[in-house]
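Welcome! Take a moment to look over the sequence and the model, and then we will walk through the fold together.

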Amino acid sequence: MSQRYSDLMDKVYLLAMIVAGLSLLVMTIIIPIGIFSRYVLNRGESWPEPVAIICMVTFTFIGAAVSYRAGSHIAVNMLTDRLPLSWQTFCARIVDVLMLIISLVIFYYSFYLCADLWEQPVAEFPLLTSGQTYLPLPVGAIVLILFVVERLLFGTQENRPIVLLGNHG
């Protein structure tokens with residue numbers, strides 16, 4: 001069971017990494033287009049800013065889940081590194097449980113945010129509704145919940161080959 005779950009999480013991890021990377025790429029392309037349009041063509045387009053914001057939210061929430069599984073998130077270990085190994089393990093479990101609680105809270109509130117704003121149009125970008133633009137929040141929270149559960153059940157995944165992909169240091 002653990003191997004099947006980890007294999008599934010590897011696929012989710014790769015997909016999340018691709019989505020986060022593409023959203024960062026699109027954002028870095030869109031912003032200069034908006035600047036060029038506004039200051040060189042003297043014609044401010046309405047769509048670059050909302051698209052860039054959607055990409056930033058996607059990159060932030062999906063990328064946070066990816067970095068959590070890879071163990072590359074920001075952490076202050078100054079105190080815990082000085083504790084005995086058994087206490088370090090205990091503190092790591094507490095952090096994982098707190099991450100699970102925080103992720104569940106984020107999912108709960110972001111789900112209802114999307115539901116409440118699902119019909120509200122975005123004036124600058126009429127193809128999407130406000131609720132759709134906030135979808136990366138609950139999706140990122142679900143991915144993070146899956147990764148936290150994996151860590152709680154099977155330990156850290158930082159040394160799996162798929163997680164070390166591109167990490168040569």
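How are H1 and H2 oriented to each other, roughly parallel or roughly antiparallel? H1 and H2 are roughly antiparallel, a term used for angles over 145 degrees, while angles under 35 degrees count as roughly parallel. Before going on, please note that this is a predicted model, in which local features need pLDDT of at least 70 and side-chain atom pairs count only at pLDDT 80 or more, while totals for chains, interfaces and linings use all residues. Residues are numbered from 1 along each chain as its sequence is written, and side-chain values use heavy atoms, with hydrogens and water left out.

Let us start with the overall picture. The protein has five helices and zero strands, giving the pattern α-α-α-α-α along the sequence. Here helices (H or I, at least four residues) and strands (E, at least two) are DSSP runs, numbered from the N terminus. Along the principal axes, the C-alpha atoms fill a box of roughly 60 × 40 × 35 Å.

Now back to the opening pair. The axes of H1 (residues 2-39) and H2 (residues 48-70) come within 8 Å and cross at roughly 150°; axes are lines fitted to C-alpha atoms, for helices over the stretch in contact, and angles run from 0 to 180 degrees between N-to-C directions. The crossing of H1 and H2 is left-handed, meaning that the near helix is turned anticlockwise from the far one by less than a right angle. Their contact (heavy atoms within 4.5 Å) has 20 nonpolar, five polar and two charged residues. In this scheme Ala, Val, Leu, Ile, Met, Phe, Trp, Tyr, Cys and Pro are nonpolar, Asp, Glu, Lys and Arg are charged, and the others, Gly among them, are polar.

H2 also packs against H5, at an angle of about 5° and with the axes 8 Å apart, so H2 and H5 are roughly parallel. Residues in this contact include Phe61 and Ile62 of H2 and Val143 and Phe147 of H5. By class, the contact of H2 with H5 divides into 13 nonpolar, two polar and three charged residues.

H5 (residues 136-154) has another partner in H3: their axes come within 8 Å and cross at roughly 160°. That makes H3 roughly antiparallel to H5, and their crossing is left-handed. Among the residues in contact are Leu100 and Phe107 of H3 and Ile145 and Leu152 of H5. The contact of H3 with H5 has 18 nonpolar, two polar and three charged residues.

Finally, look for the largest pocket. Its lining has 20 residues, with Asn77, Gln88, Cys91, Ala92 and Arg151 nearest the centre. Helix H3 (residues 85-116) gives the largest share of this lining, eight residues. The lining divides into seven nonpolar, eight polar and five charged residues. A pocket, on a 1 Å grid over the protein atoms alone, is an open set of points where a 1.4 Å probe fits, with protein on both sides within 12 Å along at least five of seven lines, and lining residues have an atom within 4 Å of a point.

How values were computed
Angles under 35 degrees count as roughly parallel, over 145 as roughly antiparallel, 65 to 115 as roughly perpendicular and the rest as oblique.
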